[in-house]
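Please open the model in your viewer and keep the selection tool at hand. The stops below are meant to be taken in order.

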Amino acid sequence: MPKFRLAIVFIFVLSLIVRLYGLTNPLADWHSFRQADTASVTREYVKHGIDLLHPRYQDLSNIQSGEENGGKDNVMGYRMVEFPMVNGVIAKIIQVFPALDLVITSRVFSIFASLVSLGLLMWLSRKLYDQATAVCVGLFFGFIPYSVYYSRVILPEPFVVLFMLASLCLFHRFAKQKKLLPLLLSGFCFALAVLLKPMAVFILPAFAALALAEFSFWGLLRLDMVAVMILSFIPLLLWRRWILQFPLGIPVSDWLYNGGDVSKKLSPLYMIRFTPA
């Protein structure tokens, strides 16, 4: 046990150190536009007050709304994508402590979320397997360059991962203890995850696997689990219905699903489909 605890301390300390690299770098790289968009929502909250239902940023052009909305400019600067709860929390802290740098503070929040995710991953791995597996999982999540980079970005993804893992860990506790509170908390965390990024639904097979390990196949249809799962999607549905009132603030997303006119074989979208882009 002492060796395991020492390994945990070692992994956490070094994971923090590698994530602090370039902490003060400005959002000036050519590929950082998405981070700049997210950071500008926080900046607008700091300047003009926090309004979670009307997030705005500094891109007033028609670039993101595109032809789907007649090529009109987003003159109000609406940013209707993920629910901006993280931006609101960071903005409030900066309002209270105005000496804090927005970029650094945002990165620190992402790093914190990443380290909590690291702890949750190791805890779940130890519960499902053993200490050696937990250490291996911690080493991979802690030090793979891809993981390090995306654990410190000013994006919603670090928090999506955090809420997904928290939901999964709480569901594991529910499956073991058969108590309602962990299930409710799991549903709450999952609701936050999908509210930030609907792609969080791809973790559902992991929930099914945990449930099958503790219940029978028909146990997947337990009324309490089904009810919590349905309720966890309500905030996302309400948010999606709300943002439809602001079409100019919703970025074009067809290209994410290989959208576009395939007849134009020289178009960038067509080239992305058939090249390792």
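Predicted model: local features only at pLDDT ≥ 70, side-chain atom pairs only at ≥ 80, totals over all residues.

Residues are numbered from 1 along each chain as its sequence is written, and side-chain values use heavy atoms, with hydrogens and water left out.

Begin by selecting Glu82 and Arg34, which form a salt bridge with their closest N and O atoms 3.0 Å apart (a side-chain nitrogen of Lys or Arg within 4 Å of a carboxyl oxygen of Asp or Glu). This pair links distant parts of the chain, 48 residues apart, with Glu82 in the loop between helix H2 (33–48) and helix H3 (85–96) and Arg34 in helix H2 (helices are DSSP runs of H or I, at least four residues, numbered from the N terminus). Both Glu82 and Arg34 are buried (under 20% relative accessible area, with exposed over 50% and partly exposed in between, using a 1.4 Å probe and protein chains only).

Next, select Glu214 and Lys176, another salt bridge, at 2.7 Å between the closest N and O atoms. Here Glu214 belongs to helix H9 (residues 204–214) and Lys176 to helix H7 (residues 157–177), 38 residues apart.

Then move to Arg19, in helix H1 (residues 2–19). Arg19 is buried yet has no salt bridge, the nearest side chain of opposite charge being Glu157, 14 Å away; a polar atom of the Arg19 side chain does, however, lie 2.8 Å from the backbone oxygen of Gly142.

Conventions: Helix = DSSP H or I, 4+ residues; strand = E, 2+ residues; numbered from the N terminus. Lys, Arg positive; Asp, Glu negative; His and termini not counted. Polar contact = N/O pair within 3.5 Å; in protein donor to acceptor, adjacent residues only side chain to side chain.
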